[in-house]
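Hi everyone, thanks for making the time. Let me put the structure up, and then I'll talk you through some rings and helices.

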Amino acid sequence: MEVQVPEINLSTGMGTASDKEVLSVARLWIRQSLTSVLQGDATCYNQLLQDLNDIEAGYPAQEPALVMTLKALSQAVSSINEHHHSSLLSCVLGMSFWNYSLDVADGLTEFIINLATSNGGFVDRCLDMLVRNILPPSCGLPLFMDSLTRRLILGGLTADQLFQKKSEHLTRKNEILDRVHLAIQQIAELVPTAALRLQPIILRRMPHRVIHKDWNALYIENMLRVESSAVGEIIGGRILMAVVDRLIEIDVEIRWEYILHEDSSKVYTFDMEMEDDEENEEPGKPGSEAKVQLPKPTAMQSLGEVADKMDVLMELTLEHLKSCVDEGRLPQVYDTLMHSFQSTILNTHKSKFTQFLVFYLCSLAPTTCGAAFASMLCDIFVNKSRPPNTRMTAAAYLASYLSRAKYLPLSVVSASLKRLVDWCLQYLPYHNEDWKAMNPGVHGVFYSAFQAVMYILCFRMKMLMDDPQQRLLLEQLPLKNIMEHTLNPLKICLPSVVEEFLRQVKAFHLFDVLEFTSSKNTLEMEESKAFGGVERLDMFFPFDPYLLKRSDRFVRPAFTFWSVGQTPAEEDEFEDTMMDERDSEPWDDDVERNTYSEDFMADNKGTISNKGYQESQSDDEDFDAFECSMDKMSITPKHKAFRMPSCLLVTSALTSDKPTSVKLMPARLLPHINLEL
């Protein structure tokens, strides 16, 4: 577009106009074009629209005129009318920062800020334009395409040609997004309601969870950037909760099923179950609009792709939590995460990784947040107004958390144990009726509580016994009274947990266990198998070892891996009685062994598959260390072989890139192995 500027005699006598004078003339002409429409004369206005539409991105010779026009429009926003100038608004707000030079991006930023602050009626449209520019048009998602890209597609631009611009766009990521966030901040400072109006826009434009990891990661990264900004003081909690919700959605899609041991070169897949999503997705739910731009999924997606996406998003979120703590925002973020935990994470079946956000945040403040989380889980468990399944899940979370959180003070562990034991003791007098005895359906909460006690002691008994004060508290717990009750928890709880618990009790001489070990062969009875039921969560240990490679660096330093051989030497005879498989059950590939499977609860084969590992110098040593450490603890009954997918191993922190074959997990604990981590 060319702005006609009359010759002006300057002090130099050259007869040329400066940029300031050109801008002044352009502003007068544009203001006249805008006002003339109101009087019925649209000649100049139509010319303005034509000139704007004729400018093509990527032509430097045309951009100075576009920059001048945008600056002039920025100074004439008071003359813009939403009804009469809708075409102009659609044209300018339909532009993309990613397709133009930084000078044009600066002109757009100035126009958007001035337009939003001059008239509150334009705030939503301006904010929506800024949020749309979080992702470049090369992402291929219609929700993020500008008007120019849409015209090019109608003119024959192919998807491959569009995607080829991805690398070019991403090299400018910081420059573009800095301008987007600057505009959002300035609008929020000048328009008090802007932050609240921004929140639904951000949630509405979230890419669908099945979109490529790069675009999901870029959008989540910028959501977290908003959360940590001044705008986040108002809407940060809801933004962070939306990120957690997205992680949960991806988390539950990762399944260890359909793994074919015979052909490990095949792509391991999982059921996307998109049909149900399409039927039940609410129109206003984040990501729901994305369905219009997605090809119909084939119902299968590689496990490696989804796990990699989960890993990238977890890394971003964990890094964000760390920065929040460094900035002194721990109390606010902890409260938000606890709200999200209770509303989303706690009752989500088969969540494997998202809960480690809480685990990591608590590790940054063990005596405050760490202790508070344990106390909250205890409160949920003892609360009779909570549904039984929620209380049983809280018991599983508490057991896994107290066992795995290396950073927790022993006082927190012992205090939580005492609360569980006291609750169990109070429960018993009201349930002495013979006809109700050993009924998991009736007493599931009780069995979950005592199983949690035993599980915690499997990990923590040595530490508690080594501390004189904690040893005294532990010896005073009426564990034996509970075990001798007619509800008989040892015959209902997981046999593998019971066996390891009794082994350690005997080894540390906590009390006499002969009367319990004599009935070892009757431990896995029908009542025990019925304890889990179908789709129940009471066999779930949510903080089992973390299997994502990139984000593992946040979890590993705070995580306790299972280490056998922690009991005194006097345990040898007991080992021979309780577990004599070490000579009779070789670890050959033809032996059916259990792995971490999402269907373990459906078959009452709950897993405590603790996949500890060591770092090694070479690829072979690294994988050997992984395979050996997998043998350290699996307090899980034998199960139909579900095998760890090799593609997950390759992308996990547990192995190097070398292994390609599927490795099997051991079926049961070997107490005699003593490998230091």
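One aromatic cluster here is formed by Phe341, Phe353, Phe356, Phe359, Phe373, Tyr397, Tyr401, Tyr407, Phe543, Tyr546, Phe559 and Phe561. Before going on, the ground rules: this is a predicted model, where local features need pLDDT of at least 70, side-chain atom pairs count only at pLDDT 80 or more, and totals for chains, interfaces and linings use all residues. Residues are numbered from 1 along each chain as its sequence is written, and side-chain values use heavy atoms, with hydrogens and water left out.

How many aromatic pairs does a search of the whole structure find? It finds 25. Rings of Phe, Tyr and Trp (its six-membered ring) pair if their centres lie within 6.5 Å; planes under 30 degrees apart are stacked, over 60 edge-to-face, and the rest tilted. Take Phe373 and Tyr401: their ring centres are 4.9 Å apart and the planes sit at 80 degrees, so this pair is edge-to-face. Because Phe373 is in helix α18 (residues 366-382) and Tyr401 in helix α19 (residues 388-404), the pair ties together parts 28 residues apart in sequence. For helices, I mean DSSP runs of H or I, at least four residues, numbered from the N terminus.

Buried means under 20% relative accessible area, exposed over 50%, and partly exposed in between, with a 1.4 Å probe and protein chains only.

Now a tilted pair: Tyr455 and Phe459, 5.2 Å centre to centre with 50 degrees between the planes. Both lie in helix α21 (residues 440-466), four residues apart, about one turn of the helix. Tyr455 is buried at 0% relative accessibility, and Phe459 counts as buried at 6%.

Back to α18, for its packing. The axes of α18 and helix α20 (residues 410-427) come within 10 Å and cross at roughly 5 degrees; axes are lines fitted to C-alpha atoms, for helices over the stretch in contact, with angles from 0 to 180 degrees between N-to-C directions. That crossing makes α18 roughly parallel to α20, a label for angles under 35 degrees. Contact means heavy atoms within 4.5 Å, and the residues making it include Ala371, Cys378 and Phe381 of α18 and Val412, Leu420 and Trp423 of α20.

Conventions. Helix = DSSP H or I, 4+ residues; strand = E, 2+ residues; numbered from the N terminus. Parallel < 35°, antiparallel > 145°, perpendicular 65-115°, else oblique.
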